[in-house]
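Me: Hey, can you walk me through this structure? I'd like to go residue by residue and then look at the pockets.

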Amino acid sequence: MATPADLDRIARALPGVTVGKYWDDPAAYLMEGKGVRGGRGLAHHRSPRRDEGTFDPATGEPFTDLVVVQTATPEAREEALASFTPHVFTIPHFARSNAVLAHLDSISRDDLAALLELAWESKQR
């Protein structure tokens with residue numbers, strides 16, 4: 001299981017990644033530089049919300065461990081979904097984007113690193 005500290009360590013180790021505000025996360029991971037495909041965002045914590053498949057159906061409580069990972073292409077998004085299921089998934093809210101959600105409470109550190117590297121690489125092409 002990965003932790004927020006693992007996310008921080010892995011994301012900060014990627015070249016050109018900085019920390020800043022993105023959507024509602026004041027400590028999101030951003031990619032610097034002109035020509036970054038798919039926008040500046042790389043990953044950020046998703047605030048707990050009880051909508052669109054982001055809550056535990058057994059308890060009705062919103063997941064508190066979700067991280068949004070922004071890939072740059074539909075191909076990278078599909079690769080992430082195929083490679084890291086069930087820990088990585090999507091919801092209708094992201095239907096028109098290349099973002100995926102990851103459960104930190106269940107994804108391994110190695111898989112989290114591979115997912116962030118996939119997203120980072122997709123933004124470099």
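Me: Let's start with L104. Where is L104 found?
Reply: L104 sits in the loop between β6 (99-103) and α3 (109-124). Just keep in mind that this is a predicted model.

Me: Ok, and is L104 buried or exposed?
Reply: L104 is buried, because its relative accessible area is 4% and the cut-off for buried is under 20%.

Me: Which residues does L104 touch?
Reply: Leaving out residues up to four places away in sequence, L104 touches M1, A2, T3, P4, H45, D65, V67 and L112.

Me: How far apart are L104 and L7 in space?
Reply: From C-alpha to C-alpha, L104 and L7 are 8.4 Å apart, while in sequence they are 97 residues apart.

Me: Now L14. Where is that one found?
Reply: L14 is in the loop between α1 (4-13) and β1.

Me: Buried or exposed, and what is L14 in contact with?
Reply: L14 counts as buried, since its relative accessibility is 10%.

Me: Switching topic: what can you tell me about the largest pocket?
Reply: The largest pocket has a volume of about 210 Å³. It is lined by 13 residues, and the closest to its centre are W23, H44, R46, H93 and F94.

Me: Which strands each supply at least two residues of that lining?
Reply: That would include β3 (41-45) and β4 (66-70).

Me: How does the lining divide into nonpolar, polar and charged?
Reply: The lining of the largest pocket has five nonpolar residues, five polar ones and three charged ones.

Me: You mentioned W23. Where is W23 found, and is W23 buried or exposed?
Reply: W23 is in the loop between β1 (17-22) and β2 (25-31). W23 is exposed, because its relative accessible area is 65% and exposed means over 50%.

Me: How many aromatic pairs does the structure hold?
Reply: One. Y22 and W23 form that pair, edge-to-face, with 6.3 Å centre to centre and 85° between the planes.

Me: What lies over the face of F55?
Reply: That's R50, at 4.6 Å from the ring centre.

Me: What does Q70 touch?
Reply: Setting aside residues up to four places away in sequence, Q70 touches Y22, G41, L42, H44, N98, A99, A119 and K123. One of those, Y22, is also in the aromatic pair with W23.

Me: Last one: which residues does a cis peptide bond join?
Reply: T85 and P86, with omega about 10°. P86 has its place in the loop between α2 (74-84) and β5 (88-89). Most peptide bonds are trans.

Note on methods. Residues are numbered from 1 along each chain as its sequence is written. This is a predicted model: local features need pLDDT of at least 70, side-chain atom pairs count only at pLDDT 80 or more; totals for chains, interfaces and linings use all residues. Side-chain values use heavy atoms; hydrogens and water are left out. On a 1 Å grid over the protein atoms alone, a cavity is a set of points where a 1.4 Å probe fits but cannot get out, and a pocket is an open set with protein on both sides within 12 Å along at least five of seven lines; lining residues have an atom within 4 Å of a point. Grid points are joined across faces, edges and corners, and a volume is the space filled by probe spheres set on the points. Helices (H or I, at least four residues) and strands (E, at least two) are DSSP runs, numbered from the N terminus. Ala, Val, Leu, Ile, Met, Phe, Trp, Tyr, Cys and Pro count as nonpolar, Asp, Glu, Lys and Arg as charged, and the others, Gly among them, as polar. Rings of Phe, Tyr and Trp (its six-membered ring) pair if their centres lie within 6.5 Å; planes under 30 degrees apart count as stacked, over 60 as edge-to-face and the rest as tilted. Buried means under 20% relative accessible area, exposed over 50%, partly exposed in between (1.4 Å probe, protein chains only). A charge sits over a ring if NZ of Lys or CZ of Arg is within 6 Å of the ring centre and within 35 degrees of the ring normal. Contact means heavy atoms within 4.5 Å.
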